[in-house]
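Good morning, colleagues. Before turning to individual elements, I would ask you to look at the sequence and the structure together.

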Amino acid sequence: MSTFRSTPKGGVTDAMARTAAATTAAQAKTKIKDDDPFQEGDAIVYAAHGVGRVDRIGVDEIAGTKLEVIQISFPGNQMTLRIPLTKARKAGLRKIVSREIVDKAMAIIKGKPHVSKGMWARRAVAYQEKINSGDLVQIAEVLRDLRRNVDSLDGSFSERKLFEAAQERFVAEVAVLENKDPTEVLTSLTEVMKAA
């Protein structure tokens, strides 16, 4: 006779957690060689949270299963995150971009803003998705399109907040790449946007 335990809507049972951990562990055994592995101490970008640093890569026991995890800290928002190493790339974890990508992003920022006549609510969602993508080129598009309203009275509060979020992500990554203070990068970026 088997017993059935119901869980609250959206809840996770111990069995579900063990199954998920076992699946991830099985994937780890058959993992594909990564040409660009993460190392402890690396500065990385996690799409949903921005720039962080790899604190530790090691084995943790989760729901009775041993998994290799990567632990990342985000000093900007005092958060620590642990992700199974096999799922790191799918979760949006990547190394800091190259100088070539930064140059491409800067060229986009210098370009003419794309003006959309659509509803602001839809545009705001699209801008937020670009910011959360973690893709520096898409973040540059948000900066280009919203910069016109930042220094004027035309922009709304939500436009300013989206612009600031994109700017913060952009500056944080470029500062790590160029090994500069973020305020110095912000000053340079502001001058570029004003000249555009």
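Two strands are said to pair if DSSP finds at least two bridges between them. Helices (H or I, at least four residues) and strands (E, at least two) are DSSP runs, numbered from the N terminus. What we have here is a predicted model, in which local features need pLDDT of at least 70 and side-chain atom pairs count only at pLDDT 80 or more, while totals for chains, interfaces and linings use all residues. Residues are numbered from 1 along each chain as its sequence is written, and side-chain values use heavy atoms, with hydrogens and water left out.

I begin with confidence. The pLDDT, the predictor's confidence in each residue from 0 to 100, has a mean of 82 over the protein chain, and 78% of the residues reach 70 or more. Helix α2 (residues 99–110) has the highest mean, 95, and helix α1 (residues 14–29) the lowest, 60. Residues 1–7 fall below 50, and beyond near neighbours in sequence this stretch has one contact (heavy atoms within 4.5 Å) in the model. Where pLDDT is low, the predicted coordinates should not be read in detail.

Next, the strands. With three residues between them, β1 and β2 form a hairpin. Their pairing is antiparallel, over four bridges, and β2 spans residues 50–62. Within that pairing, Val-45 stands opposite Val-51 of β2. Strand β1 also pairs with β5 (residues 93–95), again in the antiparallel sense, over three bridges; there, Tyr-46 has Leu-93 as its bridge partner.

Is β1 buried or exposed on its two faces? Both faces are covered: Ala-43 and Val-45 on one side, and Ile-44 and Tyr-46 on the other, are all buried (under 20% relative accessible area, with exposed meaning over 50% and partly exposed in between; 1.4 Å probe, protein chains only).

Helix α3 covers residues 120–133, and its residues Arg-123, Ala-124, Tyr-127 and Ile-131 are buried. They lie on the same side of α3 because they cover an arc of only 100° around the axis, taken from the directions from the helix axis to the C-beta atoms. The face turned away from that buried side carries the exposed Arg-122 and Glu-129. Just after α3, Gly-134 takes a positive phi of about 80°.

In helix α6, the buried residues are Val-185, Leu-189, Val-192 and Met-193. Their arc is only 95° around the axis, which puts them on the same side of α6. Facing away from the buried side are the exposed residues Thr-183, Glu-191, Lys-194 and Ala-195.

Terms used
The expected span of a helix is 1.5 Å times one less than its number of residues.
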